[in-house]
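Here is a short report for a reader new to this structure. Take a look at the model first, then read on.

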Amino acid sequence: MKGFAAALLIWTLLSPRRAGGEAWPMHTACRNGNLQVLYQSCDPLQDFGFSVDQCSRQLKPNINVRFGMVLREDIEQLFLDVALFSKGLSILNFSYPICEVDLPKFSFCGRRKGEQIYYAGPLNNPGFEIPEGDYQVLLELYNQDHATVACANATVLYS
Amino acid sequence: MAPCVSCFLLVVLISAGCKAIPSSDPTCTEKEDNRTYNCENLGLREIPDTLPNTTEVLEFSFNFLPTIQNTTFSRLIHLIFLDLTRSKVKISIYPQSLRRCQINWVHEDTFQSHHQLNTIVLTGNPLIFMAETSLTGPKLLKHLFLTQTGISNLEFIPVHNLENLESLHLGSNHISSINLPENFPTQNLKVLDFQNNAIHYISRKDTNALEQATNLNLNFNGNDIKGIEPGAFNSKIFQSLKFGGSLNLSIVFKGLQNCTIQSLWLGTFEDTDDQDLTSATFEGLCDMSVESINLQKHRFNDLSSSTFQCFTRLQELDLTAAHLKGLPSGIEGMNSLKKLVLNANNFDQLCQINAASFPSLRELYIKGNMRKLDLGTRCLEKLETLQKLDLSHSDIEASDCCNLQLQNLRHLQYLNLSYNEPLGLEDQAFKECPQLELLDLAFTHLRVKAPHSPFQSLQLLQVLNLSHCLLDTSNQHLLAGLWGLRHLNLQGNSFQDGSISKTNLLQTVGSLEILILSSCNLLSIDQQAFQGLGNVNHLDLSYNSLTGDSMDALNHLKGIYLNLASNNIRIIPPHLLPALSQQSTINLSHNPLDCTCSNIHFITWCKENLHKLEDLEETTCANPPSLRGMKLSNVKLHCGITGMGIFFIVVFVFSLILLLIFSVKFILRWKYQHI
């Protein structure tokens, strides 16, 4: 019986998942008192791991994050699109280059499809204060061919 | 006993899975007929039977091939490129472990029959063992990717059949020494990539193994080099050497003594802690020969003219994002510098770069300055040989541009001022740069007083990008003087009343070959608007609101590429079809095309000219509702009188005649009855 359970477990682990469009689990990027940041991968192919070292409403410049994932695309060129919503209304949209051919900002730039990457380091963000409220953030990382590298639906809860 | 039972169950389950998955029919995408196939992310456990034997390029990443052996690809003997990234591949001659129920059983000679195989990608596979002959077979194996495969010892790579190897990628492994095995063939090697390994020391013995390679590109990015044996690079010649993210650059400079390098990349990254650079750091540079150096993202301590005393023979210097507020004045001996990159720095004024130090400069890049950049006056006047100048994304704002700002740039051929703040262009704004061939002003708001002609005197200009410049297109003289202009981009500008009239600003640029007028909110184009443009071979009118009637303006154009995508074209009257017929390629996608009988001539024309139509997948009907979304190529219309209709009409006429005859007969009989 034990063997069967083990086999069943391995079987479920080995079977290709998410084919039916089942969503990835919601993860907590950080939690501190009444502020928490949750995220969920919106890349149908895979999940990824992300955490922020400090979670405070007064966001410091150059916060440290940790990030782990398998690359499904080359990232010689990598761009980030951020869309911020509150109460269903769009507040802010911007696009930021992370890796460019003439300016690879981070040490992971130029790594290849299939590589597993783990990044622990600064983000190069400006500091700002988070006003009270709930926010939805859509983050998308993509490369020169507009192929998705990572996608996250995040929620910032601050009350 | 219990482990064996579970083992058996597991085998049954997995073998069931093996059969079940191909039958669930995830199909590979054909990228090129019978040659190129993409089977990524399909969870495949074997090569699908649907792939033809003629397959040459196979992208098979993110599947499940726990073992590869000589039967795995045996059918596809014409393979040239094989990508097995993260397919959980294991190449071995031994059964991996009987306790794992022989799942990892693999044989040698996997590629024995693949004589044409040129590239093998094994990135991200946890390789346990590669057989001596696992790579034999291909006659010209040129590229081998063993990135992140867990290699810690270079002896792991089977040396047989690597004589033709041009690139070997060994990044993200556990390699601590670059010492290649003694019999490792390097004579054809051009790229050797050791990114993100654990190489801390390079010895003479290590580099001697690379003796036979010529023009090698060697990448040590992401390895913290702590020492290089003196003489290790003595009289070696490299195409490029990369030591990105190294913590101590003086070690690198000292270690590269007497080395000849075309391009040396020593930049650092946001996430790398590094030491500030001083004059002492660069001392070793005096004893080597380097053409091009990149020092991106470094910080300079006490930047002075002496910092650059060993840079005298340099031809290219890249100081991107080096936290610079200026360059010191009086740098001597940098007479041979041809290319200087100062992107993403913190200059306030262009004169702070002290351009006079670089009298031979051909190319200067100051893109993405982090502050508002003031162009000042005459800051670049000493750069008499400058050919290429990029000042894009630098928050530049100027009210009277650009003769004082660009004074004396007589040889400038390429100027990029795109993505800046508003520029006021004077009449003959570029008189100081008469040799300009390409001028890019995209997304920079241009203020031009009518009837000024800012581009007058640019007789050699071939390419002009004015997209999203918020131009006053009613100024007929805006483009005057551009005699040789071949490529004009006016995307995202608007025209008065959404219409290009008979007299318009295009009449002064008769030599145009490529004209882009997309996203200009156009509603109509006058029949004679393009009359003067006899040389056009590419016309982009996409993303407007044009209707079929605007085709009239194309009557005199022949054999062009015509993009009419995303317009408001419903019906094209028959008399305008010849204007389309004489063009070589037409894109009519994303238009609300009418698929009723009132448009039958156009639909018939389309079906006869499918080879000329681009993006047929998105060329669909909008009307009638029953055909909405249907591809135009699939529409079948029956208009005019059908056979049934003719039959009924004949019957009707025939009965009418009969009726007539009978009534005449009746009337006559009735009339003459009384006689």
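## Confidence

pLDDT is the predictor's confidence in each residue, from 0 to 100. This is a predicted model, so that score comes first. Chain B averages a pLDDT of 89. In that chain, 93% of the residues score at least 70. The model as a whole scores ipTM 0.85 and pTM 0.87.

Over residues 1-24 of chain B, pLDDT is below 50. Beyond near neighbours in sequence, this stretch has 23 contacts in the model. Residues 95-106 of chain B also stay under 50. For them the model has 25 contacts beyond four places in sequence. Where pLDDT is low, the predicted coordinates should not be read in detail.

## A buried asparagine in chain A

A:Asn143 belongs to strand β11 of chain A, which covers residues 133-143. Is A:Asn143 buried or exposed? Its relative accessible area is 2%. A:Asn143 is therefore buried, as the cut-off is under 20%.

The side chain of A:Asn143 has polar partners in the backbone. One of its polar atoms lies 3.0 Å from the backbone nitrogen of A:Asp145. The backbone nitrogen of A:Ala147 lies 3.1 Å from a polar atom of that side chain. Leaving out residues up to four places away in sequence, A:Asn143 touches A:Glu73, A:Asp74, A:Gln77, A:Phe79 and A:Val149.

## One side of a helix in chain B

Helix α5 of chain B spans residues 600-608. Within this helix, B:Phe602, B:Ile603, B:Trp605 and B:Cys606 are buried. Why do they lie on the same side of α5(B)? They cover an arc of only 160° around the axis, which puts them there.

What covers these buried residues? The cover includes helix α4 (577-581) of chain B. It also includes strands β31 (585-587), β32 (593-594) and β33 (613-614) of chain B.

## Aromatic rings

Over all chains, a search of the whole structure finds 21 aromatic pairs. Take B:Phe233 and B:Phe238: their ring centres are 5.7 Å apart and their planes meet at 55°, so the pair is tilted. Both residues are buried. Elsewhere, ring pairs link B:Phe253, B:Phe282, B:Phe300, B:Phe308 and B:Phe311 into a cluster.

Charges also sit over rings. The charged end of A:Arg72 is over the ring of B:Phe62, 4.1 Å from its centre. Here the charge comes from chain A and the ring from chain B. Within chain A, the charged end of A:Lys105 sits over the ring of A:Tyr96, 4.8 Å from its centre.

Key:
Residues numbered from 1 in each chain as written. Chains lettered and ligands numbered in written order. Predicted model: local features only at pLDDT ≥ 70, side-chain atom pairs only at ≥ 80, totals over all residues. Heavy atoms only, no water. Buried < 20%, exposed > 50% of the residue type's maximum accessible area, 1.4 Å probe, protein only. Helix = DSSP H or I, 4+ residues; strand = E, 2+ residues; numbered from the N terminus. Arc of directions from axis to C-beta. Contact = heavy atoms within 4.5 Å. Polar contact = N/O pair within 3.5 Å; in protein donor to acceptor, adjacent residues only side chain to side chain. Phe/Tyr/Trp six-rings, centres within 6.5 Å; stacked < 30°, edge-to-face > 60°. Lys NZ or Arg CZ within 6 Å of the ring centre and 35° of its normal.
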